[in-house]
Amino acid sequence: MPVSVAIIGSGPAGFYTAEALVNSGVDLSIDIIEQLPTPFGLIRGGVAPDHQTTKNVAKKYEKTALMDQVRYYGNVEVGRDVSLAELRGIYDAVVLAIGAPRDRKMNIPGEDKNGVFGSADFVGWYNGHPDFRDLDPDLNVSAAAVIGVGNVAIDVARVLVRTKNELACGDIPGYAEKPILGSPIDDIYIFGRRGPVEAKFTNVELREMGKLEQSVPQVKAEVLPDGVGDLEDREKRLKERNLATLREFAKRQPDELRKRVHFEFYASPVEILGGDRVEGLRLQRTRIEDGRAVGTGEFFDVECGLVVAAIGYRSDPLEGAPFDEKQGIVPNDDGRVDDGLYAVGWIKRGPSGVISTNRPDGIAVAGYIIDDCGEGGKAGRKAFEKILKERNVRSISYEDWKKIEAAEIENAEGEHPRKKFVTVKEMLDVLDRP
Ligand SMILES: Cc1cc2nc3c(=O)[nH]c(=O)nc-3n(C[C@H](O)[C@H](O)[C@H](O)COP(=O)(O)OP(=O)(O)OC[C@H]3O[C@@H](n4cnc5c(N)ncnc54)[C@H](O)[C@@H]3O)c2cc1C
């Protein structure tokens, strides 16, 4: 009898686990269970719509999805349609690959004002994620602040200043493209508590900010240090490249183009200002002591009508799985959580790294499953399908998803690669067409 494995979540971590299991050559039956009808997690709903080449990694995942041993069950939410305890009862191994979909809070006064968003919601909105399509942020403002100095902060700032031409080859939904292109935002401030060396941007993303059609990057030369300090070789090279890019930015003139993205280091937000709506941000200057940002007691205000906090993510607890509230992950020993229960990707290690950082997680856990689960023996897929049928849960197969995708491609206008369906109903309606 094949070893039966259920992988909850169809993002990179889930797919890398399935791929490693398939590659093991062991007799396995692998079911990928996804809450949305659409697969690929943050590849579809997080990676920026103007970065289509990055999204191409999904083609590799598709090869795994189409393997004989693998079956995709979209539109099935664990915790709603079926419980984790039930899955553990019927599968030899269950892998949590559910990501980290919630924003970390800034925990400052005024965070609940209108016009303040976490990046998970904001990025989900411009990526057509069904949960965030109704966010409707007011972009009729002249300045915006993005908190955080990682690639997500850069994504948000870049997408907000893109031109029609620059968005043309991406899959941003029309409801987001229209207000972005019509927005009078001229200044975006990216604030980081720490300095340019500590910032987590990767260099390709940072450099891209210097090549935009209507926006010029701004950074004050006096905050850029002469060197990056004592770091390991690889880290040192990366940081030196960022510093060189920022030095180039420091030479750019503010009036070169219509819009500006200001990189503001050593500034920590302390309060969102305004009435019901955000009107500005109060920040405290910081300096680095023993690697930590500490306040200097000097405060300043910036006027802005939109704030997006891109300061990290945390996972949601899943009933039946242990949860570390402080770290926002499932506690685990290199992916082993409990007998027959494993974790990979952001739910395992928190929101760090790039897409391929999730691959070693999948390889390690596939190895543990093969070591731990012996000859298998649990009914797996057959018992799972029985539960779905008894509860009238409408699951989406990979072939169904391909029909949805084909309709998205068919509906595409101009150079856009697809016109995303942004509600579950629209997706299911495609399958109900005669
Ligand atoms: C805004 C943003 C942009 C990024 N851009 C890049 C980039 O350009 N390049 C790069 O290399 N990396 C990028 N990353 C990082 C990359 O997306 C992550 O490393 C990767 O997606 C993490 O994979 P994961 O499988 O752990 O989680 P996810 O991709 O989040 O996948 C989790 C999946 O689990 C599903 N799920 C959750 N709960 C349940 C449940 N109860 N039942 C069933 N299914 C469930 C979710 O719907 C989702 O499909 C970006 C991240 C973010 C947030």
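Which helix supplies the largest share of the shell around the ligand? In this predicted model, the answer is α1, with 3 residues. The shell as a whole counts 33 residues. The closest are G9, G11, G41, G99 and G345. Two helices, α1 (12-23) and α7 (151-161), each give the shell at least two residues.

Of its 11 residues, 10 are buried, so the helix is largely enclosed by the rest of the structure. The buried stretch includes V152, A153, I154 and D155. It also includes R158, V159, L160 and V161.

T163 sits in the loop between α7 and α8 (164-167). Is T163 buried or partly exposed? T163 has 15 other C-beta atoms within 10 Å, so it is partly exposed; burial would take 20 or more. Beyond its neighbours within four places in sequence, T163 touches E213 and Q214. I180 is 17 residues away from T163 in sequence, and the two C-alpha atoms are 8.7 Å apart.

Next come the strands around β10 (residues 259-264). Strand β10 is mostly covered, with 5 of its 6 residues buried. Strand β8 (residues 187-191) pairs with β10 in the parallel sense, over 5 bridges. In that pairing, D187 stands opposite R260. Strand β9 (residues 215-219) also pairs with β10 in the parallel sense, over 5 bridges. Here S215 has K259 as its bridge partner. What handedness does the β-α-β crossover from β9 to β10 have? The chain runs from β9 through helix α11 (residues 233-250) to β10, and the crossover is left-handed.

Now turn to helix α15 (residues 398-410). At 1.5 Å a residue, its 13 residues should span 18 Å. The C-alpha atoms at its ends are 18 Å apart, which agrees. Which residues of α15 are buried? They are W401, I404 and E408. These three cover an arc of only 60 degrees around the axis, so they lie on the same side of α15. The general rule behind this is simple: an α-helix has 3.6 residues a turn, so residues three or four places apart point the same way. The other side of α15 carries E399, A406 and E410, which are exposed. What do the buried residues of α15 pack against? Their partners are β3 (70-73) and α16 (424-432).

Helix α5 (residues 84-90) holds E86. E86 has 16 C-beta neighbours inside 10 Å, so it counts as partly exposed. N203 is 117 residues from E86 along the chain, and their C-alpha atoms are separated by 45 Å.

Two backbone angles close the tour. Most residues other than glycine have a negative phi. N107 is not a glycine, yet its phi is positive, at about 55 degrees. N107 lies in the loop between β5 (102-103) and β6 (116-118). It has 6 C-beta neighbours inside 10 Å, so N107 counts as exposed. D290 is the other case: its phi is positive, near 50 degrees, and D290 is not a glycine either. Where is D290? D290 is placed in the loop between β12 (278-289) and β13 (292-303). With 5 other C-beta atoms within 10 Å, D290 is exposed.

Conventions: Residues numbered from 1 in each chain as written. Predicted model: local features only at pLDDT ≥ 70, side-chain atom pairs only at ≥ 80, totals over all residues. Helix = DSSP H or I, 4+ residues; strand = E, 2+ residues; numbered from the N terminus. Expected span 1.5 Å × (residues − 1). Buried ≥ 20, exposed ≤ 12 C-beta atoms within 10 Å, placed from the backbone. Arc of directions from axis to C-beta. Contact = placed C-beta atoms within 7 Å. Pairing = 2+ DSSP bridges. Right-handed = clockwise from strand over helix to strand, strands pointing away. Near = placed C-beta within 6 Å.
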